[in-house]
Amino acid sequence: MAYWFENPVLKALVPLALSSAMKGLNTVIKVPTIYAGFNVLPEGPVIGPSTMGSIAPRCPRKRAFIVTDSFNEANAKRVSSFLESNGFSAIIWPKTIPEVPMRNALECGAAMRDFEPDLIAAVGGGSVMDMAKAAWILYERPDISDLAIISPLDPLNLRQKAILVAIPTTSGTGSECTGAAVLTDEEAHRKVPIANLELIPDVAILCPEFTVSMPPQLTAGTGLDVLAHAMDAVTTPASNEFTEPLALKAIEMVFKWLPVAYRDGEDREARHRMMLAATLAGIAFGMSGCHLTHSLGHALGSVFKVHHGLAVGFFIPHTLQFCSQVTDRHLLICRSLGLPAPDPASGLSNLVRSVGDLLQALGVSGDLRGFGIGEEEFRNNLPTLARYAHEDVDSYFCPRPPTKEQCERIFLYAYYGKDIDF
Ligand SMILES: [Fe+2]
């Protein structure tokens with residue numbers, strides 16, 4: 001299969017388009033209309049702004065296709081009755097498979113074409129939102145059959161048939177505010193990221209009640225995904241004056257509220273704050289990209305089936321250390337967290353220690369052995385891990401794009417729990 005990110009012209013153009021000089025010529029700031037809080041899905045009369053006010057005028061046929069998975073059927077039913085109480089006819093498609101294999105996206109796209117909705121609602125975590133975006137493309141553009149070739153520069157001309165509403169049930173991916181979707185090419189065991197500004201949902205509905213039932217390990221994993229997005233969004237050269245404060249605020253909120261939500265999932269305030277943090281980080285990295293945490297984490301996840309958030313969160317310290325050779329932007333994070341940073345090196349070690357303490361508090365191992373990966377299995381897969389991380393599109397956004405050899409060394413250091421010193 002041909003992937004858009006292997007095209008050498010695009011490989012050269014995408015980082016150029018994100019350089020601060022080019023962004024100075026034309027920075028695009030695109031966010032959905034966001035509703036957040038405990039009364040965002042009211043079924044009775046509403047005084048003041050209401051979620052439906054942003055949806056109904058754009059959906060004259062009132063046909064809603066709700067994409068979800070088997071874990072979120074109850075939440076999807078809640079959304080369905082909200083829509084039905086406002087005159088929609090709705091169907092629930094609950095067949096999203098985690099990590100969204102391509103054939104699963106084709107199946108969803110075909111069901112969508114049969115129903116002909118003018119509203120697509122994604123109710124679930126990252127995979128469900130990724131699925132809704134992929135199926136939306138297939139529904140709007142029946143001429144596209146290979147999603148892997150769509151590049152950020154291709155006009156898709158979406159919204160001729162339907163709008164997209166994202167209703168996350170985890171606080172992690174930020175996909176409700178990004179134009180990114182990650183699918184899986186099962187034959188090649190590869191993650192296939194699709195990125196296009198047109199994929200940014202029209203409306204994001206943040207209902208913290210949906211996240212209360214997340215078990216502690218999922219709370220930790222999704223919360224660490226937020227932290228990885230935000231940390232990378234600060235340190236990437238593609239950050240700008242809009243993304244930086246959002247990412248810094250998200251980092252501050254994760255340090256404060258993630259341990260609370262992890263210890264007590266019923267803590268409504270912590271759930272609410274984590275949902276906001278995920279969205280803040282989503283807007284930030286959606287505009288500026290995330291980098292090495294995700295290149296390394298995607299590779300680990302592809303080869304050893306580690307949860308996305310745990311994988312990318314694990315690599316935050318290594319990423320900070322590796323990038324500190326070329327940037328001192330981690331000092332911004334130290335300042336925002338109130339960590340002493342009399343010089344870049346001390347700031348780095350204080351920040352890495354704080355992230356390490358957080359990982360430990362969330363029960364995440366400090367080395368890859370703790371993920372249950374045997375030494376022989378790890379060594380056998382090391383070249384593949386390094387190749388995947390090196391080729392990952394997120395490496396484009398890294399302040400210090402690693403070579404394949406450097407990726408291999410980082411994985412080796414990570415396996416044995418060593419600090420990155422090169
Ligand atoms: Fe992520």
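This is a predicted model: local features need pLDDT of at least 70, side-chain atom pairs count only at pLDDT 80 or more; totals for chains, interfaces and linings use all residues.
Colleague: How many residues apart are H229 and H294, and which helices hold them?
Modeller: H229 belongs to helix α7 (residues 216-235), and H294 belongs to helix α10 (residues 292-304). The pair thus links distant parts of the chain, H229 in α7 and H294 in α10, which are 65 residues apart.

Colleague: Is H229 buried or exposed, and is H294 buried or exposed?
Modeller: Buried means under 20% relative accessible area. H229 has 2% relative accessibility and therefore counts as buried. H294 has 3%, so H294 also counts as buried.

Colleague: Why is strand β5 described as largely enclosed by the rest of the structure?
Modeller: In a regular strand the side chains alternate between the two faces of the sheet. In β5, I163, V165 and I167 point one way and L164, A166 and P168 the other way, and all are buried. The strand is largely enclosed because the buried residues number 6 of the 6.

Colleague: Which strand pairs with β5 over 6 bridges, and in what sense?
Modeller: One of the bridges joins L119 to its partner I163 in β5. The two strands also belong to a right-handed β-α-β unit made by β4, α6 and β5. The strand asked for is β4 (residues 119-124), and the sense is parallel.

Colleague: Which strand is joined to β5 by 2 bridges?
Modeller: V165 has V203 as its bridge partner in β8. The strands run parallel, and the one joined to β5 by 2 bridges is β8 (residues 203-206).

Colleague: Which residue in the turn between β6 and β7 has a positive phi?
Modeller: Strand β6 (residues 180-185) and strand β7 (residues 190-195) pair in the antiparallel sense over 6 bridges, and A181 has I194 as its partner in β7. The two strands form a hairpin with 4 residues between them. The residue in the turn, with a phi of about 55°, is H189.

Colleague: Where is E99 found, and what is its phi?
Modeller: Most residues other than glycine have a negative phi, and most peptide bonds are trans. E99 is found in the loop between β3 (89-93) and α5, and is partly exposed with a relative accessible area of 37%. Although E99 is not a glycine, its phi is positive, at about 70°.

Colleague: What is the phi of R159?
Modeller: R159 is found in the loop between α6 (126-140) and β5 (163-168). At 24% relative accessibility, R159 counts as partly exposed. R159 is a residue other than glycine with a positive phi, near 75°.

Colleague: How many aromatic pairs does a search of the whole structure find, and why is the pair of F65 and F115 called tilted?
Modeller: The search finds 8 aromatic pairs. The ring centres of F65 and F115 are 6.3 Å apart, and the planes stand at 50°, so the pair is tilted. F65 lies in strand β2 (residues 63-67) and F115 in helix α5 (residues 102-115), so the pair ties together parts that are 50 residues apart in sequence. Both F65 and F115 are buried, and the angle that makes the pair tilted is 50°.

Colleague: Which class of ring pair do F314 and F315 form?
Modeller: Both F314 and F315 are buried, and ring pairs link F314, F315, F371 and F411 into a cluster. The ring centres of F314 and F315 are 4.9 Å apart and the planes are at 80°, so the class is edge-to-face.

Colleague: Over the face of which ring does R409 lie, and over which does K418 lie?
Modeller: R409 is 4.0 Å from the centre of the ring it lies over, that of F422. K418 is 4.3 Å from a ring centre, and the ring is that of Y413.

Terms used
Residues are numbered from 1 along each chain as its sequence is written. Side-chain values use heavy atoms; hydrogens and water are left out. Rings of Phe, Tyr and Trp (its six-membered ring) pair if their centres lie within 6.5 Å; planes under 30 degrees apart count as stacked, over 60 as edge-to-face and the rest as tilted. Buried means under 20% relative accessible area, exposed over 50%, partly exposed in between (1.4 Å probe, protein chains only). A charge sits over a ring if NZ of Lys or CZ of Arg is within 6 Å of the ring centre and within 35 degrees of the ring normal. Two strands pair if DSSP finds at least two bridges between them. A crossover is right-handed if, with the strands pointing away from the viewer, the path from the first strand over the helix to the second runs clockwise.
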